[in-house]
Amino acid sequence: MNTLNFNEIIEKYPKEKRYTLAILQDIQRNFKYIPKDAFTALSLYLNIPIIKLYSMATFYKALSLTPKGKNIITVCDGTACHVRSSSVLIDELQKYLQIKLGETTKDGIFTLQTVNCLGSCAIAPVMVINDKYYGKVTPSAIKKILKQYGGEEDE
Amino acid sequence: MSDKRIVYVCFGTGCLANGSMDVFNEIEKNIENLNLDISVKTIIKSTGCNGLCEKGPVVKIEPDGISYFKVKASDAEEIVKKTILKGEVINRLLYYEATLKRKVKSHKESEFFKRQMKIALRNIGEIDPGNIEDYKINMGYLALDKALFHMSRNDIISEISKSGLRGRGGAGFPTGSKWKQCDSIVSFPKYVVCNGDEGDPGAFMDRSIMEGDPHSVIEGMIICAYAIGAKEGFTYIRDEYSLAIKNMTNAITEARKNGYLGDNILGSSFSFDIQIVRGGGAFVCGESTALMSSIEGSTGEPRAKYIHSVEKGLWGQPTVLNNVETWANVPVIIENGSDWFNAIGTKKSKGTKVFSLVGKVKNTGLVEVPMGTSLRELIYDIGGGIIGDRKFKGVQIGGPSGGCIPEEYLDLSVDYDSLKEADSMMGSGGMIVMDDRTCMVDVARYYLNFLSEESCGKCVPCREGIKRMLEIINDICEGRGKEEDIENLKAISETVSEASLCGLGKSAPNPVISTLKYFSEEYWEHILNKRCRAGVCKELTTYYIGSDSCRGCGLCKKNCPSEAILGEAKKVHFIDGNKCSKCGSCINTCNFDAVKVK
């Protein structure tokens, strides 16, 4: 990765501690994770020890230390989704993709994660792939949806 | 065309998910083709705010007062040709009101709507949040003008105090007292903060307000800033709420352009501006001190509240922090006066409260009712009852800090104090309805799991206590429950709620305490009989198909993701226990109640 890229993002912000989270989020958005070198660059820029930045990167769910897959599957596990069986969707997805929650498939096509609530409780259970919302998802609909994103074909 | 029609297409998250963007484009195209003098406006109505988003996309045509539901892009041409050109109503797209047993022309004729009283949600679905003029036409920024030029700073604070407004974020602290305390401290700068980090799962009141009526929040904040002498404000919004962030950002820019934010607001000597801070996806950041720490650019860990934020908040300076719904109430109170607001609600809980009525209820959505409305009215009259007319089991109120309320309390008045007495709490307003297919032990497990992940780890009782409780409940749900588990759960609950540092930990045992109190028989059944009556805890569940009620329709077979159901058409089906993943698709789809839990 080219360090210039983080610097472009970092330098959009004033040199103040209060922008740390916003900068980290922008980097996350661009790279789908926080690359190691970005920590060094940001630490120098804001004059904050790397350990503090690392602590933030592990504290906030929006930030990750490993690259995420091409398509990010987010299953809402809010209470409304939970009582409408979102855990079943999660089980089925884990089985189908052969990964655990938070992991990325070997081919880098899918990352599976949950979110606490998307506030779309009326169409629960909700699954989001990248920015596309799928409401009232049933276990049997999963395969069909994933195929649109280059998921494995049925054997 | 004599009269001009406005078409409102809902752009809330729920309707967008159902394809309202395509509907909008198609209607626009059809109108352009016909060269009509009709302005097609987009109106961003938030998901479920009218409770009708599950029947979305919603299209409204004014001034005719026609509301269409489940509109598809292919309906666009017909809507334009029939309704817009000729004023004809398309019956197929109307809302079916179950109590009247007929379709109604406008959603406002439905029971769901008639029983509500909209104050915080007054503009949602009625205005285009992207257009400041829409807000102004609906009395927007009049309260600000009144506050700046016709009231003293003390008048404003005393109006809010007299109104009886209490914080809508959960704890219910009197808003006026907060402002007054902050005002009395002579230390500058002061800050005004809006808590839009709506972290409670199953709650989306604040998202809806920020998406659908961002200016009401901004106006509330400006009025408070003027009253307490603050120059800078922050709105902290959950990162997951992309549409809310977009609409709030846009509204702040518009407000600046119109002289409501920035230097010398409306020509006065008062200056104030608001910045948006995106949250990082941590539930604890909804706690005020953690939120402030997050705005300052650190991890969102709370601190002990020996000194209140009104005295030492953001960067150690006096800070007023209120949640989104509270802010949205402020302009109306200033405009209509405290007496008007004070007359609504109960003795100690004034005004209205917005709830997100979700779960196993027919009309899922946001509802706003006067304080003191009964749970029964909320769930049965407004919510239309339980999906599939199944048996009501309980309602969870107050998110991870709240509790589950059983059937015998259905006539409970919903206000801060009554809910507390029933071992629940108002919280931010999430109301999750549960039926006989919900396992209450699993509900407790769900919240513990949630809280153990979201505990920031700073204090031991919360970090360790919740984990140990979760281990015990996992054992119970997975068939390893022991008799002494119940006593242990109670003992740890007590310690965690006594000894934790912040509100998250102090209230963490609530879901366990309330389910133990009202649904103890389910716990015992799990522990002693190794049975989960709701068929949720997989290790304790075996499904079977009752031979007397199965009609062999094959619906369960079609919906089974594991191909575990066998049987020929019109003959009794059966489940292959080795293949069954216990997902419950069969029991949920069967129309004849033939699938049962052993």
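This is a predicted model: local features need pLDDT of at least 70, side-chain atom pairs count only at pLDDT 80 or more; totals for chains, interfaces and linings use all residues.
Local features are reported at pLDDT of at least 70 and side-chain atom pairs at pLDDT 80 or more, while totals for chains, interfaces and linings use all residues. Residues are numbered from 1 along each chain as its sequence is written, with chains lettered from A and ligands numbered from 1 in the order in which they are written.

Chain A contains 7 helices and 4 strands, where helices (H or I, at least four residues) and strands (E, at least two) are DSSP runs numbered from the N terminus. Their order from the N terminus is α-α-α-α-β-α-α-β-β-β-α. The C-alpha trace of chain A spans about 50 × 35 × 25 Å along its principal axes. Of the 155 residues in chain A, 45% are buried; a residue is buried if 20 or more other C-beta atoms lie within 10 Å of its own, exposed if 12 or fewer, and partly exposed in between, with C-beta atoms placed from the backbone. Among contacts in chain A with a separation of 6 or more, 60% join residues 24 or more positions apart; two residues are in contact if their C-beta atoms, placed from the backbone, lie within 7 Å.

Chain A is assigned domain 1 (3-59) and domain 2 (71-147), the bounds coming from an automatic or database domain assignment. The centres of these two domains of chain A, taken over C-alpha atoms, are 29 Å apart. Helix α7 (residues 142-147) of chain A holds A:K144. This residue, A:K144, is exposed because 10 other C-beta atoms lie within 10 Å. A:K144 and A:C121 are 23 residues apart along the chain, and their C-alpha atoms are separated by 23 Å.

Chain B is divided into domain 1 (6-109), domain 2 (132-342), domain 3 (352-435), domain 4 (440-529) and domain 5 (542-597). The centres of domain 2 and domain 4 of chain B, taken over C-alpha atoms, are separated by 35 Å. Their contact takes 10 residues from domain 2 of chain B and 8 residues from domain 4 of chain B. The domain 2 side of this contact in chain B has 7 nonpolar, 1 polar and 2 charged residues; Ala, Val, Leu, Ile, Met, Phe, Trp, Tyr, Cys and Pro count as nonpolar, Asp, Glu, Lys and Arg as charged, and the others, Gly among them, as polar.

The largest nonpolar core has 214 residues, of which B:V59, B:M221, B:I222, B:I223, B:C224 and B:L378 touch the most other members. Such a core is a set of buried Ala, Val, Leu, Ile, Met, Phe, Trp, Tyr and Cys residues joined through C-beta atoms within 7 Å. Helix α10 (residues 214-228) of chain B gives the largest share of this core, 10 residues. A second, separate core of 13 residues includes B:I545, B:C586, B:C590 and B:A594. Beyond its neighbours within four places in sequence, B:M221 is in contact with B:V192, B:C194, B:G233, B:I274 and B:W327.

In α10(B), 15 of its 15 residues are buried. The end C-alpha atoms of α10(B) are 22 Å apart, which agrees with the 21 Å that its 15 residues should span at 1.5 Å a residue; the expected span is 1.5 Å times one less than the number of residues. Just after α10(B), B:G229 has a positive phi of about 80 degrees.

Between the chains, 45 residues of chain B are in contact with 38 residues of chain A. Elements giving two or more residues to the chain B side are α1 (13-17), α12 (288-295), β11 (352-359), β15 (430-435) and α17 (440-454) of chain B. By class, the side of chain B that touches chain A has 14 nonpolar, 24 polar and 7 charged residues.
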